[in-house]
Amino acid sequence: MAETNTNTTVTETNKVENNGGDPTQAVKGNSPEKAVSTNEGAEKTFTQAELDEIVKQRLERQKKGQPTKEEMDAFHKWQDSQKTAEQLSAEKISAAESRAAEAEKKAAAAEAKAYAYSKGVNAEAVDDVIALAIPKVDDNTTMEKAIEAVIAKYPSFCSAKSEAPKGITTGVSFGNGGGSQLSGVEAAFYAKNPDLKI
């Protein structure tokens, strides 16, 4: 827009129809969305349809330079065919080593759980004990020692094996309550099995 008047608003239709005539004359049927301000520093406003078209054109220009998925697959196959036998074997060795490291990690976790169970840790607390023990493991401290340290610090993770669960009765007593008397069933069992040592 070649007009130098800084306070004049011109529409695109007005400029075309007037062929450079007086921009202050309004043309019937102009919508305010297509108004163009010639104020210094002012920018053109666009309708949603115009913005959609601009974005569509930009995306089409960008897509022209990018390969399709099939082209990328073909390129990767070509790259693999260009690798030497040493590179291929190195990749296979690296993949095997990563699988072996993952397997060792899983085995160590299983061993740690088994060790925690053997030390009397509750089933609900095994993962917590292991999580607390892992940071303690280093060159001088094994996982077993770390688990023992956690159990010593937090004995609540362990279950007391000789205590009966409170509030639940099964008809079987745990222990003999500190006395040496046998119940009738136990006496009959020992009478029939005199060689049994408990």
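Student: How many aromatic pairs does a search of the whole structure find?

Tutor: The search finds 3 aromatic pairs, where rings of Phe, Tyr and Trp (its six-membered ring) pair if their centres lie within 6.5 Å. This is a predicted model, in which local features need pLDDT of at least 70 and side-chain atom pairs count only at pLDDT 80 or more, while totals for chains, interfaces and linings use all residues. Residues are numbered from 1 along each chain as its sequence is written, and side-chain values use heavy atoms, with hydrogens and water left out.

Student: Why is the pair of Phe-189 and Tyr-190 called edge-to-face?

Tutor: The planes of Phe-189 and Tyr-190 are 65° apart, with 5.9 Å centre to centre; planes under 30 degrees apart count as stacked, over 60 as edge-to-face and the rest as tilted, so the pair is edge-to-face.

Student: What makes Phe-189 partly exposed?

Tutor: Its relative accessible area is 43%, and partly exposed lies between buried (under 20%) and exposed (over 50%), with a 1.4 Å probe and protein chains only. Tyr-190, with 30%, is therefore also partly exposed.

Student: Why is helix H4 called oblique to helix H6?

Tutor: H4 (residues 85-118) and H6 (residues 143-153) pack at an angle of about 40°, with their axes 10 Å apart. Angles under 35 degrees count as roughly parallel, over 145 as roughly antiparallel, 65 to 115 as roughly perpendicular and the rest as oblique, which makes H4 oblique to H6.

Technical notes
Axes are lines fitted to C-alpha atoms, for helices over the stretch in contact, and angles run from 0 to 180 degrees between N-to-C directions. Helices (H or I, at least four residues) and strands (E, at least two) are DSSP runs, numbered from the N terminus.
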